[in-house]
Amino acid sequence: MFRYASARIAQTVVVLLAIAFIGFLLVSNLGDPLASLLPPDATPQDRAALIATLHLDQPVAMRFLTFLKGLLVGDFGISYRSHEPVAALIWERLPATVELAFASLAITLLVGVPLGVYCGIRPRSALAKAVMFVSIAGVTLPTFVVGILLIAVFSVKLGLLPSFGRGQTVDLGFWKTGLLTASGWRALVLPAITLSLFQVTFVIRMIRTQLMEVGHSEFIRFARARGVEARRIWFVHALKNTLLPVITVLALQFGNIIAFSVVTENVFAWPGLGSLFLQSIQTADMPVISVYLIIIGAIFMMLNLLVELSYPLIDQRVLRERA
Amino acid sequence: MLTVNRSIRIGILAAALASPLAAPGASAATFKFASPVDAYTLDPHAVSNTLVFAILGNIYEPLVRRGGDLQLEPALATKWTLVDNSTWRFELRKGVKFQDGGDFTADDVVFSFERAKAGGIKSNLSTLESVKKVDDYTIDIKTRGVDPIVPMEITNWFIMSKAWSEKNGAVQPGSPDNKVETFANRNAMGTGPFKLAGRDPGVKIEFEKNPAWWDKPVGNIDKATFFVIPNPSARVSALVSGEVDMIDTLPPQDTQRIEQTKGLKVLAGPDLRVAFLLADVNRDELLYSDVKGKNPFKDKRVREAMQLAIDLDAIKTKVMRNYSKPLGLAIAPEVNGFDPELGKPVQPDVAKAKALLTEAGYPNGFSVTFDCTNDRFMNDEATCIAISGSLGRIGIKAEPRAQTTSKWAQQINPPGYNTSLTMVGYSPFTYDAHIFLTSLLHSRDAAGRGVFNIGGYSNPKVDELIAQIQSDTNPDSRRQKIREALKIAKDDVALIPIHQLNILWAAKDTVNVVQPADLAYPLRLFSVKQ
């Protein structure tokens, strides 16, 4: 177990380093931060001075090392755009994204799992067919279209829900939450639905397929032959065997939710990491972009690592194969 | 039973959700507006950026401010006179209080000058040598050589409180390599008509009326909130749904929809920025062209042919939906020194253009890469494509290469100037033609003149006139010389003017705003009908 775990962790660290390097390289080719920092008619002297203070005159490898050294001691650098520490900027935006991600995860679970189970057990019922039909829309419609449609209906036409922002937030000192005010909850509805739509349909379709497959497997048929109650067969035996892969995939989907939120956040002017990322790209704010990419990479890697580390608990055979 | 219960609950919920939107502001006039980008910082001396100035102009004040029509007005200074050739004397307003209650004196002006000189706006003040305190309410500004337009150059130089800055460790202006965040990045405290009531970077900025302001506001705004909504359709939705009273940068394709919506209006006004083309007239061979061994743009006939081929009116009606003004100069009519006669747009003449091109030795035209931005101003990429189509009529294949501003700037900016043909937008920060002539039409030199002269145009006569304009303190003869320099450059086809841009806002009918051409938001002049 220890060997298995340490090998996984070492792999994760290597991949994180690679992500950091690729992120840094991409970003160093993104454009000229001087364009947004200096007025167009700045003198060559001003320009040279700023290039020197930003270390833009050093070779890429040197800049990467400096950057990495900073990362290790928790110094993420200073944003070119707002002149504020990157760590503070990211920390300030993180709560918005995390709350949005959890809200859409909750919707995914509360809506996706029951509907998926229903469609798996009664695939031929009218409701199941309707759900499957509608879910095609969820899979195919791009997020920004869904968001704009929801805004058009619920904000513009009906005037029920706000079309942008996060409402009133309450600062708890370390975490700025929108979950303690009515306007915060109202603001959360549309973005959370937008972000969860793809995940919901994804989960419905996956559970349905899994259940239908398990339903045909021998142990279910055997249970049926023994006269076990149908309810018990589905909810105890079949569902248990279906949920394991669903949970694994959901954990990874959570990473996706955070990464996909760039589009949703843009449409709803949701002040999270995704909005920060887009604003930073527009102004070639390299330090923020690199750190964002690394953080998203780290979230994915961490979720992946957790899933991998939990495999031996589910199935001891993975350990034996490595030994 | 269950269904009934549920539908009642939903009904109550819907009512509860709907009410805050429906309830109008009871007594205090509140104003909410949205823009696609946030001010980078609240530090008035950290960066020279129009949006930062637009926001901070409500909280901080300069010595000399601009009205809605950009005319100079006394603000923290009541009077200014030229004492000798290199000294301007400013008399300061007495009895002005900072928003924290502190008195405004000459010490604050001297302090703000030193601070600004250490920050990103220093190039805006490059001709100012020093600021000296004469007494508590008088200062002398020493200039490097003669500078007749000092009052125009200082309208975005905001005065901070020395005591407040020292108390909060904000003596140094913000800079990109700051390892310690300066207090003034997130806080603002000036003498202006509004106080900073809240700031959430990238989300919103809240303003609250300063009751102790020395001047009377024209409008009736008590509270204002500035929201950042980057997505254009989300911005329009926020206005249509009534969540904001005004939006900046309305997408031109939505203008019709806004006009047809009851209770909403489109507000279009002139922008100081003018778009124009610059061709490389300096290199012996173009970087991005199929002509080898020579540079076609060095031939004036080629440049003239290009100008005659471009149909500015078609661009205005087809691309800009009438939200632009074709021009014959690269400075806007609002800029000091603009000449209406020279400013008339050149009428297209394709036959003459073809003849000129043939005469220059390019009967079949040539191809060249045309560098453009795609996120800088309204329909910039579409304008480039239209220009490319126009040039195609005379055989010049200008292939548009549209990039984001940061990418584009990296390529075309000094010291590389790596472009053969590009469209740029420019507005002079002094609102005066001299800085335009100096940075765009003066020969590039070591002193930094001609730094934004991307094409490398050089004419000694223009250079000499620019030097004379610099030191001419007589407004009339100065204007005459500006006209002369502009005329020479126009006859040389040093650049090809396209159009003056429009500021495009949309607002509720109940809102009354002014739209200064420098993209400012002077909330003191805004009002909302109750």
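The structure is a predicted model, in which local features need pLDDT of at least 70 and side-chain atom pairs count only at pLDDT 80 or more, while totals for chains, interfaces and linings use all residues. Residues are numbered from 1 along each chain as its sequence is written, chains are lettered from A and ligands numbered from 1 in the order in which they are written, and side-chain values use heavy atoms, with hydrogens and water left out.

In chain A, domain 1 covers 1–80 + 284–323 and domain 2 covers 86–278, the bounds coming from an automatic or database domain assignment. Their centres, taken over C-alpha atoms, lie 29 Å apart. Contact (heavy atoms within 4.5 Å) involves 19 residues of domain 1 of chain A and 18 residues of domain 2 of chain A. Zero residue pairs in polar contact, both at pLDDT 80 or more, are found across this interface; a polar contact is a pair of N or O atoms within 3.5 Å, where within protein one must be able to donate a hydrogen and the other to accept it, and residues adjacent in sequence count only if both atoms are side-chain atoms. The two domains of chain A bury about 1500 Å² between them, with 85% from carbon and sulfur atoms; buried area is the accessible area (1.4 Å probe) that two parts lose on being put together, summed over both.

In chain B, domain 1 comprises 28–245 + 510–528 and domain 2 comprises 270–502. A distance of 32 Å separates the centres of these domains over C-alpha atoms. At their interface, 17 residues of domain 1 of chain B are in contact with 16 residues of domain 2 of chain B. The area buried between these domains of chain B is about 1300 Å², 63% of it on carbon and sulfur atoms. B:Val146, B:Pro148 and B:Ala517 supply 32% of the area that domain 1 of chain B buries against domain 2 of chain B, more than any other three residues.

Overall, the C-alpha atoms of chain B occupy a box of roughly 80 × 75 × 45 Å along the principal axes.
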